[in-house]
Amino acid sequence: IGLGGELRAVSRAEARLREAARLGFSTAVLPARGAEAGRRAGIRTLPAVDLEEALRLLLGNKPRQPTEV
């Protein structure tokens with residue numbers, strides 16, 4: 001997690017997710033840019049851009065709507 005709350009990529013994401021699945025986890029929150037690693041690892045992924053969005057997804061709240069500038 002960056003200082004601005006953004007979710008950052010992690011190294012070896014696919015291997016980490018495979019291990020999480022092996023340990024019984026069924027879902028993982030990932031940075032939106034790295035969400036495809038979860039599909040390859042056989043675990044459900046919830047892609048999120050920042051910590052706020054990740055918490056909304058995990059707590060069952062609707063993701064925020066993009067705001068127009």
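Student: Where is the place of G2?
Tutor: The model is a predicted one, in which local features need pLDDT of at least 70, side-chain atom pairs count only at pLDDT 80 or more, and totals for chains, interfaces and linings use all residues. Residues are numbered from 1 along each chain as its sequence is written, and side-chain values use heavy atoms, with hydrogens and water left out. Helices (H or I, at least four residues) and strands (E, at least two) are DSSP runs, numbered from the N terminus. On that numbering, G2 is placed in the segment before α1.

Student: Is G2 buried or exposed?
Tutor: Buried means under 20% relative accessible area, exposed over 50%, and partly exposed in between (1.4 Å probe, protein chains only). Because its relative accessible area is 8%, G2 is buried.

Student: How far apart in space are G2 and D50?
Tutor: In sequence, 48 residues separate G2 and D50. From C-alpha to C-alpha, their distance in space is 8.8 Å.

Student: In which sense do strand β1 and strand β2 pair?
Tutor: Two strands pair if DSSP finds at least two bridges between them. Strand β1 (residues 27-31) and strand β2 (residues 44-48) have five bridges, and the sense of their pairing is parallel.

Student: Which residue in β2 is the bridge partner of V29?
Tutor: The β2 strand covers residues 44-48. Within β2, V29 has as its bridge partner L46.

Student: Which element has the lowest mean pLDDT?
Tutor: The pLDDT is the predictor's confidence in each residue, from 0 to 100. Among the elements of the protein, α1 has the highest mean, 90, and the lowest, 76, belongs to helix α2.
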